[in-house]
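Could you walk me through this model in my viewer, one selection at a time? I'd like to know what to click on next and what I will find there.

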Amino acid sequence: MLRYVAVGVASNAAAYLCYVALTSFGLWPECAMTIVYLTCALLGFVANRRLTFSHKGNVTNSGMRYVMAQAVGYGLNAFLLFVFANRFGYPHMWVQAAAIVVVAPLLFLAMKFFVFPRTSR
């Protein structure tokens, strides 16, 4: 858990700063979130597989499960951004920050029990 938090805090802080930069240059929040989310998800597979969970199982199987977990995380993030920023009018930067706090623990559980389960180490 501590390794996940360390990797997660660093990557999510960098991702949020990239999100802020992209939206500051005029990119729509949904587009900025998509670019940042996909980039971090690609980098996150390697970091979480090696550093966080020391996974030695099948890369293809864990990769497919990783894509599924990230798709759910992306969907939740997009939903939160759409509903709270677009529908309720909250500032998108605050909504995105809150979405990170909501999605990250859910992804940890998905990584621990679904993507990189202990039985496949």
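How many nonpolar, polar and charged residues are in the lining of the largest pocket? The lining has 20 nonpolar residues, eight polar ones and no charged ones. Keep in mind as you look around that this is a predicted model.

**Stop 1: the pocket.** Select Ser11, Asn12, Cys40, Ala41 and Leu107; of the 28 residues that line the largest pocket, these lie nearest its centre. The space in this pocket comes to about 490 Å³. Now colour helix 1 (2-24), helix 2 (29-52), helix 3 and helix 4: each of them supplies at least two residues of the lining.

**Stop 2: a helix pair.** Next, show helix 3 (residues 59-87) together with helix 4 (residues 92-115). Their axes are 9 Å apart, and the two helices pack at an angle of about 155 degrees. Because an angle over 145 degrees counts as roughly antiparallel, helix 3 is described as roughly antiparallel to helix 4.

**Stop 3: Val72.** Stay on helix 3 and pick Val72, which is found there. Is Val72 buried or exposed? Val72 has a relative accessible area of 60%, so it counts as exposed. To finish, draw a distance between the C-alpha atoms of Val72 and Val5: they are separated by 20 Å, and the two residues are 67 residues apart along the chain.

Note on methods
Residues numbered from 1 in each chain as written. Predicted model: local features only at pLDDT ≥ 70, side-chain atom pairs only at ≥ 80, totals over all residues. Heavy atoms only, no water. Axes fitted to C-alpha atoms, helices over the stretch in contact; angles between N-to-C directions. Helix = DSSP H or I, 4+ residues; strand = E, 2+ residues; numbered from the N terminus. Parallel < 35°, antiparallel > 145°, perpendicular 65-115°, else oblique. 1 Å grid on protein atoms, 1.4 Å probe; cavity = no way out; pocket = protein on both sides within 12 Å on 5 of 7 lines; lining within 4 Å. Points joined across faces, edges and corners; volume = space filled by probe spheres on them. Nonpolar A, V, L, I, M, F, W, Y, C, P; charged D, E, K, R; others polar. Buried < 20%, exposed > 50% of the residue type's maximum accessible area, 1.4 Å probe, protein only.
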